[in-house]
Amino acid sequence: MSSEMTQIARDISVIICAYTEKRWNDLVAAVKSIQEQTVSPREIIVVIDHNTSLLERAKAYMTGITLIENSQPQGSSGARNSGIAIARGALLAFLDDDATAEVDWLERLSDGCADYYVLGVGGKVEPFWTSKRPAWFPKEFDWVVGCSYEGLPESSTEIRNLYCGCACIRREVFELAGGFRNGIGRVGIDPMSCEETELCIRAQQHWPQKFFLYEPQAIIHHHIPSFRASWRYFIARCYAEGRSKAIVAEFVGTKDGLASERAYIYQTLPRGMVRGIADGLQRLDASGFLRAGAILAGLSTTAAGYVVGLVSQHVALRDKPSASVSEAIRVKVRETLVP
């Protein structure tokens with residue numbers, strides 16, 4: 001690694017976005033975990049997302065950080081963009097406000113960015129369940145609770161998109177490809193997502209020769225509250241993910257927008273279902289059948305959300321013959337399912 005690349009790789013701004021006082025203790029722990037890194041960041045930026053009381057509390061109790069308000073529309077995209085706008089580092093790292101990073105997290109992420117062709121590096125998100133993990137909850141669907149899921153690589157590997165609750169991205173990505181798109185992603189407790197997927201695909205379309213990297217040794221621990229361990233949340237999150245994917249596909253194209261999802265549907269999920277059924281039959285573990293059923297239900301609900309998303313986007317065609325609308329949707333669905 002050249003001295004210039006080493007300097008860039010250690011010039012890191014960390015951005016943490018927060019929107020609710022209910023996560024105050026988690027936010028304090030998240031900031032502390034960054035302050036204790038083996039590689040010290042240039043700055044820690046905490047962005048408060050349209051919450052005056054949380055802002056005042058942070059002003060009163062937090063030190064050693066840069067504290068700002070979200071100056072853009074409410075939501076994760078706007079909050080991150082507000083942080084990006086004032087960040088000074090060559091690399092911009094993002095951490096969820098309800099997660100804590102292992103001590104070498106920044107070191108491992110920044111080491112991956114030393115390669116000129118790497119646009120950004122994402123790490124592994126391990127779930128920390130505040131209540132017991134439900135026996136029916138399949139690891140293939142850990143993305144539902146914002147964590148790395150069964151089927152992701154176990155070693156450093158090129159990946160289509162990062163999860164930006166645990167990632168480090170070059171500043172030039174935002175300068176040249178643009179920031180996170182408002183209108184995608186979470187707003188408060190709304191379970192919509194995929195703003196980082198759209199950003200990463202857009203960046204790779206801008207730099208076809210460059211790529212993003214997944215580094216499973218860069219680990220954070222994501223706190224999972226008890227309400228996210230419910231079947232109701234599981235279904236709602238799957239449905240929202242489907243709608244989010246439809247929006248992403250509309251912006252960046254179905255081919256790029258759903259490339260990873262095809263492998264997940266045709267490889268990861270069938271293996272998970274077989275594993276669950278085998279657990280039920282061979283180990284007499286009834287929860288194995290429940291996990292297999294949850295995989296099928298999760299896939300079906302996500303697909304339903306995707307179709308609803310397509311219908312919503314094609315509502316402009318309602319004045320045309322209904323066959324035109326139906327055909328447009330059928331084409332999109334066929335493009336989605338063809339491996």
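Predicted model: local features only at pLDDT ≥ 70, side-chain atom pairs only at ≥ 80, totals over all residues.

Student: How many bridges join strand S1 to S2, and how many join S1 to S4?

Tutor: Helices (H or I, at least four residues) and strands (E, at least two) are DSSP runs numbered from the N terminus, and two strands pair if DSSP finds at least two bridges between them. S1, residues 12-18, runs parallel to S2, and S1 also runs parallel to S4, where Ile-15 has Phe-94 as its bridge partner. For S1 and S2 the number of bridges is six, and for S1 and S4 the number is also six.

Student: How many residues of S2 are buried, and how many of S4?

Tutor: Buried means under 20% relative accessible area, exposed over 50%, and partly exposed in between, with a 1.4 Å probe and protein chains only. Both faces of S2 are covered, with Glu-43, Ile-45 and Val-47 buried on one side and Ile-44, Val-46 and Ile-48 on the other; in S4 the covered faces carry Leu-91, Ala-93 and Leu-95 on one side and Leu-92, Phe-94 and Asp-96 on the other. S4 is therefore largely enclosed by the rest of the structure, with six of six residues buried, and for S2 the count is six of six.

Student: How many residues belong to the largest nonpolar core?

Tutor: A nonpolar core is a set of buried Ala, Val, Leu, Ile, Met, Phe, Trp, Tyr and Cys residues joined through side-chain atoms within 4.5 Å. Ile-16, Ile-34, Trp-105, Phe-141 and Val-144 touch the most other members of the largest one. Apart from this core lies another, of 27 residues, among them Ile-45, Ala-79, Ala-87 and Ala-177. The largest core, for its part, has a membership of 52.

Student: Which strand gives the most residues to the lining of the second largest pocket?

Tutor: On a 1 Å grid over the protein atoms alone, a cavity is a set of points where a 1.4 Å probe fits but cannot get out, whereas a pocket is an open set with protein on both sides within 12 Å along at least five of seven lines, and lining residues have an atom within 4 Å of a point. About 310 Å³ of space lies in this pocket, a volume being the space filled by probe spheres set on grid points that are joined across faces, edges and corners. Of its 16 lining residues, the closest to the centre are Lys-124, Ser-148, Tyr-149, Glu-150 and Gly-151. S6 (118-129) and S9 (211-224) each supply at least two residues of the lining, and the strand that gives the most, with four, is S6.

Student: Is Leu-284 buried or exposed?

Tutor: Leu-284 is found in the loop between helix H10 (259-282) and helix H11 (286-313), and has a positive phi of about 55° although it is not a glycine. Its relative accessibility is 73%, so Leu-284 counts as exposed.

Student: What distance separates the C-alpha atoms of Arg-186 and Ser-76?

Tutor: Arg-186 is found in the loop between helix H6 (171-177) and helix H7 (195-206), and is partly exposed, with a relative accessible area of 22%. Contact means heavy atoms within 4.5 Å, and, leaving aside neighbours within four places in sequence, Arg-186 is in contact with residues including Gly-75, Ser-76, Glu-195 and Arg-237. Although Arg-186 and Ser-76 are 110 residues apart along the chain, their C-alpha atoms are separated by 5.5 Å.

Methods. Residues numbered from 1 in each chain as written. Heavy atoms only, no water.
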